[in-house]
Amino acid sequence: MTRPREPSPPTLTDVPRDWPALWTRLLAARLGTAPSGHAGPALSNGEGWRLQGRFSARSAELFALYKPLLDARSAHDGRPWVVAQMGQSLDGFVATATGDSYYVNGAHSLLHLHRLRALCDAVLVGVGTVAIDDPQLTTRRVPGPNPVRVLFDPAASLDGHSRALRDGLAPTLWLCDERHAQAARERLPRGLGAPAEVLGVAELLGTPGDGPDVRRAVAALAARGLRVLFVEGGGVTVSRFFAAGALQRLHLAVAPVLVGQGRRGLRVPAQTVMADCPRPPAHRVALGEDTLWDLDLSGLAPRA
């Protein structure tokens with residue numbers, strides 16, 4: 001199946017006039033260069049970032065959506081903080097049975113995805129997403145820095161031809177179990193502008209039958225200074241991070257489309273009693289025709 005070209009950015013209906021200036025302030029806060037004494041996000045006595053000045057209701061809503069990422073960066077406890085995003089259909093699929101996933105969600109959700117990339121130190125995708133979608137993982141749709149790109153491939157099964165390993169657009173880590181690191185290095189492309197590097201992690205493959213140890217991955221990235229981590233996909237990888245209690249936040253973007261059969265989206269550990277099913281604090285944000293569920297998972301499990 002031939003993958004369609006990424007569409008040109010359409011005119012978006014949820015971006016108010018005052019948002020670009022506020023986004024510039026958010027980026028300054030992300031980079032630690034936010035000015036004080038002016039309208040925009042300002043640090044408030046250890047209580048996190050807040051808005052100063054007058055803004056439209058929509059800009060204030062978007063600020064509230066991204067505020068946890070800024071607050072996490074301002075924390076001085078040294079612990080990693082992980083947000084995941086999952087876009088899926090009403091019936092819980094990220095792609096059709098043939099693997100077609102272009103596009104489950106609309107342009108507004110795609111823009112949100114690029115904002116998350118710009119606000120995080122690193123963006124991580126699983127080997128299945130790399131093999132099927134070959135994503136660039138850049139911030140080409142919004143102003144802001146490209147994050148470090150992390151290809152989560154514990155068994156080092158990639159062939160080394162992925163765009164993120166070859167295009168030189170941003171630093172890239174091929175994250176695998178250290179037992180497979182040398183084989184990955186031998187497949188790594190050479191002579192590129194931005195460095196692509198293999199990062200081997202001890203016992204990343206985990207116990208047979210339990211899947212990769214995602215907490216070891218988070219710890220290894222935090223040791224590199226990549227403390228605010230964005231897990232972008234796919235469904236298997238996000239579900240593994242959820243099950244491991246490694247997520248502090250989950251953005252679940254639900255599109256008004258019914259797929260019927262295909263690649264599943266978010267999967268969580270099954271419960272037999274409804275009272276045991278997690279019901280995290282949540283609020284809804286409209287992203288065009290999509291509905292984004294912003295889920296606070298920090299109270300479900302100890303932080304990563």
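Let me start with one residue and its surroundings. Leaving aside neighbours within four places in sequence, aspartate 294 is in contact with Leu65, Arg249, Leu250, His251, Pro281, Ala282 and His283. Keep in mind that this is a predicted model.

Where does aspartate 294 lie? In strand E13, which covers residues 290-296. Buried or exposed? Aspartate 294 has a relative accessible area of 1%. The cut-off for buried is under 20%, so aspartate 294 is buried.

Now the polar contacts. The side chain of aspartate 294 makes one with the side chain of arginine 249, at 3.0 Å. Another joins the side chains of aspartate 294 and histidine 251, at 3.2 Å.

Next, helix H7. That is residues 214-223. Which residues of H7 are buried? Val214, Ala217, Val218, Ala220 and Leu221. Look down the axis of H7: the buried residues fall within an arc of 165 degrees, so they line one face of the helix. Just after H7 comes glycine 225, with a positive phi of about 90 degrees.

Last, the cysteines. A disulfide is a covalent bond between the sulfur atoms of two cysteines. How many disulfides does the model have? The count comes to zero. Cysteine 120 has 0% relative accessibility, so it counts as buried. Cysteine 277 has a relative accessible area of 27%. That value lies between the 20% and 50% cut-offs, so cysteine 277 is partly exposed.

Technical notes:
Residues numbered from 1 in each chain as written. Predicted model: local features only at pLDDT ≥ 70, side-chain atom pairs only at ≥ 80, totals over all residues. Heavy atoms only, no water. Helix = DSSP H or I, 4+ residues; strand = E, 2+ residues; numbered from the N terminus. Buried < 20%, exposed > 50% of the residue type's maximum accessible area, 1.4 Å probe, protein only. Polar contact = N/O pair within 3.5 Å; in protein donor to acceptor, adjacent residues only side chain to side chain. Contact = heavy atoms within 4.5 Å. Disulfide = S-S within 2.5 Å. Arc of directions from axis to C-beta.
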